[in-house]
Amino acid sequence: MWKKIRKYIIPLSICLILISTAVAGCAEEEPAPAPAPAPSPAPEPEPEPAPAPEPEPEPEPAGPTKNSIVIGASRPLSGPNAPIGDAAFGPIMQMWQERVNAEGGIYVEEYGKKLPVEYIIYDDATDVGTMVRLTEKLILEDEVDILFSACGTAFISAQAPVANKYGMVLLTAEGGATIMRDALYGLPYVFISLPFSDHYQLPVFAEMAAAKGAKTAYIITIADLHGVEYGGVAAIEFPKYGIEVIANKSVPITYTDFSLLVKDAKAADPDLFCVFAYPPIIMPVTGEMMAIGFNPPAVLMGPGANFGFYGISFGGDPMTINGVTCFAAANEKTSPEFAQLYADLEALVGWPNLDWWGHPYYAPLVQIWQEAIEVTGTLDQDVLRDYIASNQFDTILGNTYFEMFGEFGGGLMVKDTHPGEIGQWQDGTVEIVGGGDWPGVVLTSDWVYPKPDWPTP
Amino acid sequence: MNITRFTSKGFLIPGLISLVILIALVTLPFYGSLYNVIMVTSILMYIILTVSWVLFSGPTGYMSLATAAFFGIGIYASAIFLPNTGAILPLLVVVVIGGLVSSLVALGVGALTLRLRGIYFAIFTFGLVVLILELGNWWEHTVTHTRGRFVMLVDNDVIFYIMLAIFVLLMLTTYLIRRSKFGLAMRSIGENEEAAAHIGVNVTMVKVITFAISAFFMGAAGVIWATKLTYVDPYVAFNPLFSFMPVLMAIFGGMGQIYGPVIGAVIFAYLQEKLQTEFPYYYMLIFGFVLVAAILYLPDGLIGLIQKLWRLIRRWRKGGAAKQDANT
């Protein structure tokens with residue numbers, strides 16, 4: 001009997017599962033929007049009257065009908081980028097949706113009413129090919145109104161031409177690179193928000209380190225676009241300030257044992273030890289440094305060291321990593337608006353998911369989207385693109401706008417919006433210790449150089 | 001020419017079905033949505049990788065995990081010759097170049113390593129993927145100082161038709177090889193390599209040539225796939241997933257018949273797409289479950305199951321007919 005079950009019933013069941021999945025997929029022409037990263041309150045049935053800047057809504061809209069603004073995103077719900085995605089743009093998406101929907105939605109004049117925000121979020125499994133395919137699905141099949149950014153420099157580099165091809169405005173979140181900036185001349189629908197390597201993180205850091213008397217740097221980079229980008233820019237910027245790069249080593253993404261590499265760095269006795277890699281690399285490198293007592297005057301790590309979860313990864317006490325330098329823009333002390341933002345985010349997603357580099361730029365992105373839709377009164381991508389390209393926005397960063405690349409190019413958020421570039425873990429939190437020489441920079445503490453010793457176990 | 005061979009039931013029905021499918025595919029951009037065209041392109045890519053893999057590994061029994069290396073070489077050929085700043089060579093020429101370079105690498109690697117057997121060959125071929133990936137990383141990092149490469153955009157219909165053309169060529173090649181003495185030699189190698197050598201088969205040459213032919217199609221598919229990705233770096237190009245997916249798809253579909261890997265790739269790719277989009281938080285779990293169950297309980301793939309069921313039905317019908325005869 002069991003033989004027959006094994007021979008026929010189980011294989012048949014598998015086939016039935018396959019067929020039913022396929023049939024279900026075919027039958028569902030308009031897939032139901034997936035939930036946002038976390039449950040959000042249901043939109044109010046009767047929207048409140050529109051706030052001040054909005055025109056009076058028509059009682060009976062004559063235009064097309066629509067019940068929600070559908071926003072699509074291909075995000076890393078699994079794979080190596082998932083921790084970054086969950087703690088970076090993810091919390092901002094979640095918070096914004098909850099706020100907007102609690103107010104009844106965004107007023108869109110062409111529909112004559114407030115529309116709540118709905119998300120369709122797919123898992124790209126941290127694979128560029130999957131992300132590209134899912135982005136095309138969001139645009140072509142799901143026909144989302146707005147496209148949100150993928151996560152990671154390589155990912156937004158691949159997503160930008162695709163979004164541009166279909167005329168979808170893309171305000172990028174996690175990631176940025178010189179290669180993308182160069183490509184902006186041909187990407188009119190793409191706007192880069194996050195500061196990156198020579199815009200202006202590494203020049204600022206090099207100047208800070210040189211002022212403290214640093215002479216040598218040992219660099220480890222992850223062997224992908226982020227690592228090549230930062231390793232390459234450091235090799236250009238550091239010598240400009242008299243800092244010799246004594247090693248610039250690239251490690252594959254799959255590398256797990258850093259003991260030899262950290263020992264090699266310790267033997268080289270550098271003034272600056274830079275690790276331009278993601279959490280799966282910077283975490284074990286930090287642990288290895290603590291284990292062998294490698295404590296150079298400055299340790300710069302990122303991305304990853306700019307998140308709360310990095311602080312509690314070494315025994316649960318963020319004091320253990322005091323002195324580690326990271327990329328950061330703003331914190332609770334930068335302004336009352338930022339204090340509110342971080343308080344709200346902490347209440348929503350917890351302290352470990354705070355990001356002192358990305359959140360100060362992702363929060364303005366959703367503000368820009370909202371203002372563009374409310375003022376233009378449409379979801380038309382060309383209209384929205386032109387509005388974003390030609391206007392300045394009053395966001396949490398202050399006056400925020402994009403430098404446009406050529407007559408038919410995309411935009412890069414100008415450096416004047418950056419309140420800071422470099423942060424440092426001090427007394428269990430990230431302080432902003434380095435920024436450019438433009439107005440609007442708010443440093444919350446002095447850079448501690450040399451860094452304090454690792455705590456003794 | 002033996003006309004009866006081509007008009008017999010055994011050739012006519014599969015031939016007609018193939019023709020109908022081909023017509024449906026060729027006309028797809030006229031009746032299907034743009035996203036359907038994109039999805040079918042993606043499925044065709046997986047079919048090409050799977051059938052190419054089966055072309056070599058199926059009959060010879062050599063488990064190659066080098067698919068990602070050959071596919072990646074094609075992707076990189078595209079990144080070099082079709083940059084977003086303007087194509088250096090025409091698209092079709094690059095498709096051929098990508099295929100030929102992959103073939104040449106396969107010839108070289110095959111000549112050196114196809115004396116290895118079993119697990120050693122599988123490990124070596126996977127090592128080849130990692131080696132080329134790291135070599136690419138080192139080259140980009142220290143020699144060219146390239147920070148990723150953008151590939152020029154190509155119209156979705158053009159990508160679809162070129163992928164379809166590669167698929168049709170591959171199916172024809174597979175069909176002809178399977179029916180030729182060359183295919184027989186490959187099968188004899190799979191059955192017993194020593195015996196094949198004793199009866200005069202030049203086993204190394206047969207293996208190396210087949211390896212190179214299968215690599216050609218993988219490389220050619222890589223070229224056209226890169227124009228969909230639009231951004232390429234070594235990790236994107238030499239993604240080890242492309243070494244394992246064709247193996248799973250082939251096992252899933254069944255390797256006994258020419259259409260087994262095709263069916264496996266189609267269902268697998270479609271299932272992946274549907275699960276990924278309908279159940280974004282659980283699809284890996286469901287996918288893993290289906291995969292484990294399929295490998296445990298469908299040792300001959302879906303085709304094996306269908307054949308088993310067909311035999312059961314025939315036996316049941318025969319039994320019924322015999323009973324009826326006995327009653328009369």
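Of the 457 residues of chain A, 62% count as buried, a word used here for under 20% relative accessible area, with exposed meaning over 50% and partly exposed in between (1.4 Å probe, protein chains only). The model is predicted, and local features need pLDDT of at least 70, side-chain atom pairs count only at pLDDT 80 or more, while totals for chains, interfaces and linings use all residues. Residues are numbered from 1 along each chain as its sequence is written, chains are lettered from A and ligands numbered from 1 in the order in which they are written, and side-chain values use heavy atoms, with hydrogens and water left out.

Chain A holds 14 helices and 18 strands, which are DSSP runs (H or I, at least four residues, for helices; E, at least two, for strands) numbered from the N terminus.

One strand to follow is E8 of chain A, residues 216–222, which is largely enclosed by the rest of the structure because seven of its seven residues are buried. In a regular strand the side chains alternate between the two faces of the sheet. In E8(A), Thr216(A), Tyr218(A), Ile220(A) and Ile222(A) are buried on one side, and Ala217(A), Ile219(A) and Thr221(A) are buried on the other.

Strands count as paired if DSSP finds at least two bridges between them. E8(A) pairs in the parallel sense with strand E9 of chain A, residues 244–251, over seven bridges, and Thr221(A) has Ser250(A) in E9(A) as its bridge partner. E8(A) also pairs in the parallel sense with strand E10 of chain A, residues 272–276, over five bridges, where Cys274(A) is the bridge partner of Ile219(A).
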